[in-house]
Amino acid sequence: AMYGGTITSILINTPGESASLITCIDGYPMAKQGRAGTALGAAAIGSFIGGMFALAVLIAVGPFVAKQALKFGPPEYFALVVVGLSLLIGMMGKSLVRGLIAAFFGLTLAFVGIDPLTGTVRFAFGEEHLEDGIEFVSLAMGMFGLSEILISAEQNLNSQHQEFPKIQNMMPKREEWIPTLKAILRGSGIGVMLGLVPGTNSVIPTILSYSIEKKVAKDPSRFGKGAIEGVAGPETANNAYAGAALIPLFTLGIPSSPSIAVLLGAFIMHGLTPGPTLLQKNPEFVWGVIASMFIGNTILLIMNLPLANVWAQITRVPFKILLPNIVIIMILGSYSLNNSLFDVGSMLIFGILGYFMKKAEFPLGPVLLTFVLGKILESSLMKSLTIFNGSMLPFFQRPISATLLII
């Protein structure tokens, strides 16, 4: 599922989910250069290696490492999100001021809805649909997908002949293999480390991976223009995160993300108790899940390397056929979230807003990333201040949060 969101990110600049957001930055430029197959191939290889690495860690050192993750409380989550937000500096585009405006706009959108601490409704303006907050899917599809369609329609409206990129090799070039593999190894480590921390989400490892790849690159200016490491690293990180997130669940009974919380509910419904005794009492179940992860990662690689060329053919479909169909799918996707036309309207408004932001050269990445991280930031900050009676000093007295804030 993590890899599935990559396909639309690379081919039509629309993230299938929040974890695939970073992939748009370099994946879509690669597709426009005729290297959609290579981007999909690198993402598939990275996803496979990241997933297998997480699986190895789960088998080898899961129980020990998960106990260390218990040291994370609200102050540590807050510090971790601050680190994630500080890494947005690498995505600010041409203007730091425009980038900051975009980041604060996303942060403001994150505060729409019910206050997590007091239950007060904020920024809803009497609209009951806004009481639950803004849907990420409507925001992402509008800001990235619909705005891209409007830009593409504008550019291709009067063109008589349209050149399509050639779909060639799915493998990286010979000189790209070493930097790609290095990005994959770094992404594996980042994804596993953050997967062990309960309460994080798949966006943070992808931001961290992308930022590190940009820092260690000999030519950082390539990023945002089709750097293969900008696809391979984050894609590996989100798959490694997905596998490693099972470690706290199996060993401590603690869900580390919303999707893992759903899995926890499924375990309990079937009479299973995740925690230290799970492996002793239900070994066939635990090893069955581990085997399913191994099979799933293998199938991902088998299906996507040969079929990457099939997915890439989408870029060859004429705009007059492709774009209206994508808009229809977006409208259906938005509506299906809550069976609400309000979500469809939100998607259309964000699409128009995203179009004007692109025209004015505002980066869209910071909007979505601060929107996702803002909820965790606020919740962990408010919980921490409640524990510390309003004092900020304890943030710098706890070793983990102090280290993260200094970083």
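This is a predicted model: local features need pLDDT of at least 70, side-chain atom pairs count only at pLDDT 80 or more; totals for chains, interfaces and linings use all residues.
Mentor: Residues are numbered from 1 along each chain as its sequence is written, and side-chain values use heavy atoms, with hydrogens and water left out.

Trainee: Why are α9 and α17 called oblique to each other?

Mentor: Helix α9 (residues 203–216) and helix α17 (residues 365–387) pack at an angle of about 135°, with their axes 11 Å apart. Axes are lines fitted to C-alpha atoms, for helices over the stretch in contact, and angles run from 0 to 180 degrees between N-to-C directions. Angles under 35 degrees count as roughly parallel, over 145 as roughly antiparallel, 65 to 115 as roughly perpendicular and the rest as oblique, and α9 and α17 are therefore oblique.

Trainee: How do you know what counts as a helix here, and why give both an angle and a distance?

Mentor: Helices (H or I, at least four residues) and strands (E, at least two) are DSSP runs, numbered from the N terminus. Two packed helices are described by the angle between their axes and the distance between the axes.

Trainee: What makes α2 and α10 oblique, and what classes of residue does their contact have?

Mentor: The axes of helix α2 (residues 23–32) and helix α10 (residues 229–244) come within 8 Å and cross at roughly 135°, and α2 and α10 are therefore oblique to each other, in a left-handed crossing. Thr23, Asp26, Gly27 and Met30 of α2 meet Gly230, Val231 and Glu235 of α10, and the contact has two nonpolar, three polar and two charged residues.

Trainee: How do α5 and α17 cross, and which classes of residue are in their contact?

Mentor: Helix α5 (residues 74–86) and α17 have axes that come within 8 Å and cross at roughly 145°, and α5 passes α17 in a left-handed crossing. Among the residues that meet are Tyr77, Phe78 and Val81 in α5 and Leu373, Leu377 and Leu381 in α17. The contact has 12 nonpolar, four polar and one charged residues.

Trainee: Why is Phe78 counted as buried?

Mentor: Buried means under 20% relative accessible area, exposed over 50%, and partly exposed in between (1.4 Å probe, protein chains only); Phe78, at 11% relative accessibility, therefore counts as buried. Leaving aside neighbours within four places in sequence, Phe78 is in contact with Leu377, Ser380, Leu381, Phe395 and Leu405.

Trainee: Is Glu378 buried or exposed, and what makes its link to Arg122 a polar contact?

Mentor: Glu378 lies in helix α17 and is buried, because its relative accessible area is 12%. The side chains of Glu378 and Arg122 make a polar contact at 2.4 Å; a polar contact is a pair of N or O atoms within 3.5 Å, and within protein one must be able to donate a hydrogen and the other to accept it, while residues adjacent in sequence count only if both atoms are side-chain atoms.

Trainee: Where is Ser188 found, and why is Ser188 called buried?

Mentor: Ser188 is in helix α8 (residues 177–195), and its relative accessible area of 2% is why Ser188 is called buried. Leaving aside neighbours within four places in sequence, Ser188 is in contact with Ile49, Gly50, Phe53, Thr236 and Ala240.

Trainee: Why is Phe123 called partly exposed, and why is Phe125 called exposed?

Mentor: Phe123, in the loop between β2 (121–122) and α7 (136–156), is partly exposed because its relative accessible area is 45%. Phe125, also found in the loop between β2 and α7, has a relative accessible area of 77% and is therefore exposed. Phe123 has a positive phi of about 55° although it is not a glycine, and phi of Phe125 is near 55°, again a positive value in a residue other than glycine.

Technical notes: A crossing is left-handed if the near helix is turned anticlockwise from the far one by less than a right angle, and right-handed if clockwise. Contact means heavy atoms within 4.5 Å. Ala, Val, Leu, Ile, Met, Phe, Trp, Tyr, Cys and Pro count as nonpolar, Asp, Glu, Lys and Arg as charged, and the others, Gly among them, as polar.
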